[in-house]
Amino acid sequence: MAEAHQAVAFQFTVTPEGIDLQLSHQALTEIYLSGLRSWKKKLIRLKNGVITGVYPASPSSWLFVVIAILATMYMRSDPSMGLIAKIQEHLPVSQSLSAQCQTVVSAVLFSTLLWFSLIFTMRMCLKQLLSYHRWMFEQRGKMSNTTKVWVALVRIFSGRQPLLYSYQGSLPNQPVPAVKDTVKRYLESVRPLTTPDEFERMTSLATQFESSLGNRLQWYLKLKALWASNYVSDWWEEYIYLRGRSPIMVNSNYYGMDFLYVTPTPIQAARAGNTLHAFLMYRRKLNREELKPSRVPGTVIPLCAAQCERMFNTTRTPGEETDTVQHWQDSDYVAVYHRGRYFRLRMYSSSRPLSPREIESQLQRILDDPSPPSPGEEKLGALTAGDRIPWAKARKEYFSLGVNKRSLDCIEKAAFFVTLDDDEQGMMGEDPAASLDRYAKSLLHGKCYDRWFDKSFSVVIYKNGKIGLNAEHSWADAPVVAHLWEYVLATDSFQLGYNEEGHCKGEVDASLPRPQRLSWDIAPECQEQISQSLAVAQALADDVDFHVFSFRDFGKGMIKKWRISPDAYIQLALQLAYYRDRGMFCLTYEASMTRLFREGRTETVRSCSNESCAFIKALEGGEGVEVCRRLLRQASEKHQNLYKHAMTGAGIDRHLFCLYVVSKYLGVDSPFLKEVLSEPWHLSTSQTPVQQVELFDMVNHPEYVSCGGGFGPVADDGYGVSYTIMGENMMNFHISCKHSCSQTSSHKYGGQIRQALRDMLQLLCPDQREPSRTDQSQTKKDL
């Protein structure tokens, strides 16, 4: 344990001759460099805080204002209209300064106040400008004069070279919709899913709620909206995520996949070296706020970046009633799991990040370590995969003191978690479709004990060089993690690269201390709880039925030629496929973001509408081509309208959810809200958009395409569908359901989706060629 001795800065012993003091020069150097790195980060945060605090102005603009005021005074003009003289009269040091100095100091104070006033005015103007959303509802290519003027003003007031968080203070608060509007939209959304008698009953409940309790609850919600940054997000995080007592594995966590067709290197440690270094590069940019603010694609409109703050050094801590999300300012190491052992791997040496080659060397040491796991260590991670209450009790009883607490702290305070997996995954073998399904299940739940599901995200490095990511959901939504993942994949392959042997580039510092093995003293009673949590998690994992496929017959390029939204097209295909699969329509959830607002997260698009049902009934009922085509366009336009309303704060479900929370706080029951929030989502869908298109060259390197990511089923008898639109000619789908439900099958539903996509294109373009025999046989096999 040489590294343990090196970690001690000094030792002393008392002898008859006196005190014998021994100093470790290496340890003191490391302490000094660590402190230096910490202070550098503090100074960077301070500098960025100042720049962000005065945005959209710049710190240098203060000097410009001061010089301008002094110049006008030199010209014997008073731009302050007597305020400078008033300030001069009340200066506390007026007796010790000359009259000229008093004038200059007063002018500087006035200039500073004027500068702050201008900043405040610019921010309020920008905030009001960003509250304008009518541009979103205008036809593409037909911008009104009002919107043109608005775009010009946004550009003027947006400033130059913004940092990641520069727009946070200028983003508008999420508005609270009127109760009558939300109720009206809700009734419209359930109309195609209910019988006339059921709809009449719901209308009665809704009318009663709107005219009585609804107004009282709305008053409290508006009060919160005035006080809080966002009237939804904190309650959404707490009650939807943190208060859930069931396993977060499968039920909450989601995953991201590697490149579909390419593995940059088959060497596990080398792929991990580049990947982990790329994560450090992203974190460095994040800490320095050098990442460009995300914007609505194709516009200058910024999106909220608050979710990025807890990306690294974050963990979800279990509690008996509710979990908490803990975030630390910094962490210079990662926690690594391999063959039942946990390691602490420092990612910095002498205040510099380790190079990819050095990380590879350190991870190879872990891979070559023959030591066995200590009793109870191998499957310890199962505690994070099982029910939350047993994990909270076990954490309090067995991990609150001594060596177990130190080791658990090491995992929870790590920058992120890494699993060196002994399995091989990816699209491979004689049945590549089945291998993709296994790959998805491995990333979603693994062996139920070889991931730390509480960490903000866990990176999985497989034996054959494939990688993947599993993310905890409470701290952020998928687009934020996808942005990170896109950067890592692109940096690994196009920026860092590998040498001819497949190893990371660069040299290795031979003096690096070995990764530190974490120690555990796990009692037999705790081992029994680990076994129980593993049994719960294993049953949940075994029940997941997963199917992943790439649809390459056509993509968004063909869909957009017919002036139809690709997302609306896919949503209608999912509706059509479900109708063919189950013979009925269902309540459908599509996630939409509300990051146009400060601290905004998501809203629900209820994509099963009257228009979509009318189109599907006409198509399946054998109506004429022109009728079906017209209904398809109407359904597509309706979906786009629903999506835009959700993005601009005029959705249904978050408002009703918050009204329900207020009713619980007040101790009053609402039959209407209770029934609304108990409705099951049989089809839960989400699109993961590609955000950094510039990082990938889909024309010259089409093989470097990710398969996207997915999540588990939301309802026991429903489907979870995640999809990613890649380039112009490819769409990836991740479908999940449960084996325990005899009415669902991910492969069957996947086949229905393929056929629905083709049938709808055939409707728009009758001359479109038929799919290949291979594709037809694959569809028949799935059906």
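**Figure 1. In this predicted model, Y333 stands opposite R346 of strand β7.** Strand β6, covering residues 333–338, runs antiparallel to strand β7, covering residues 341–346, and six bridges join the two. Both strands belong to an open sheet of eight strands with mixed pairing, in which the order is β13-β7-β6-β10-β11-β12-β3-β18. At the edges of this sheet are β13 (516–517) and β18 (709–711), each of which pairs on one side only. Helix α15, made of residues 402–412, packs on the sheet, where it touches β6, β7 and β10 (417–420), and the direction of α15 makes about 110 degrees with that of β6.

**Figure 2. Y589 has R606 of strand β16 as its bridge partner.** Strand β15 (residues 588–593) pairs with β16 in the antiparallel sense, and five bridges are found between them. These strands are part of an open sheet of six strands, arranged in the order β14-β20-β19-β17-β15-β16 and again described as mixed in its pairing. Because β14 (544–551) and β16 (602–606) each have a single partner strand, one side of each is left without a neighbour in the sheet. If direction is ignored, neighbouring strands of this sheet are turned by 20 degrees against each other on average. Helix α20, which spans residues 566–582, packs on the sheet and touches β15, β17 (683–687), β19 (719–726) and β20 (730–738), while its direction makes about 145 degrees with that of β19.

**Figure 3. Helices α10 and α23 cross, with their axes coming within 11 Å.** Two packed helices are described by the angle between their axes and the distance between the axes. Here the axes of α10 (residues 233–242) and α23 (residues 653–666) cross at roughly 75 degrees, and the two helices are therefore roughly perpendicular to each other. On the side of α10 the contact is made by W235, W236, Y239 and I240, and on the side of α23 by R654, F657, C658, V661, V662 and Y665. Sorted by class, the contact of α10 with α23 has nine nonpolar residues, one charged residue and no polar residues.

**Figure 4. Y132 and W150 form one of the 40 aromatic pairs that the structure holds.** The ring centres of Y132 and W150 are 5.1 Å apart and the ring planes lie at 50 degrees, so the pair is tilted. Y132 is in the loop between α5 (99–130) and α6 (145–157), whereas W150 is in helix α6 itself, so that the pair links distant parts of the chain, 18 residues apart.

Figure 5. Most residues other than glycine have a negative phi, and most peptide bonds are trans.

**Figure 6. The pLDDT is below 50 over residues 1–10 and under 50 over residues 772–783.** For the protein chain the mean pLDDT is 90, and 93% of the residues reach 70 or more. Beyond near neighbours in sequence, residues 1–10 have 18 contacts in the model, and residues 772–783 have 17 contacts beyond four places in sequence. Where pLDDT is low, the predicted coordinates should not be read in detail.

Terms used. Residues are numbered from 1 along each chain as its sequence is written. This is a predicted model: local features need pLDDT of at least 70, side-chain atom pairs count only at pLDDT 80 or more; totals for chains, interfaces and linings use all residues. Side-chain values use heavy atoms; hydrogens and water are left out. Two strands pair if DSSP finds at least two bridges between them. Helices (H or I, at least four residues) and strands (E, at least two) are DSSP runs, numbered from the N terminus. Contact means heavy atoms within 4.5 Å. Axes are lines fitted to C-alpha atoms, for helices over the stretch in contact, and angles run from 0 to 180 degrees between N-to-C directions. Angles under 35 degrees count as roughly parallel, over 145 as roughly antiparallel, 65 to 115 as roughly perpendicular and the rest as oblique. Ala, Val, Leu, Ile, Met, Phe, Trp, Tyr, Cys and Pro count as nonpolar, Asp, Glu, Lys and Arg as charged, and the others, Gly among them, as polar. pLDDT is the predictor's confidence in each residue, from 0 to 100. Rings of Phe, Tyr and Trp (its six-membered ring) pair if their centres lie within 6.5 Å; planes under 30 degrees apart count as stacked, over 60 as edge-to-face and the rest as tilted.
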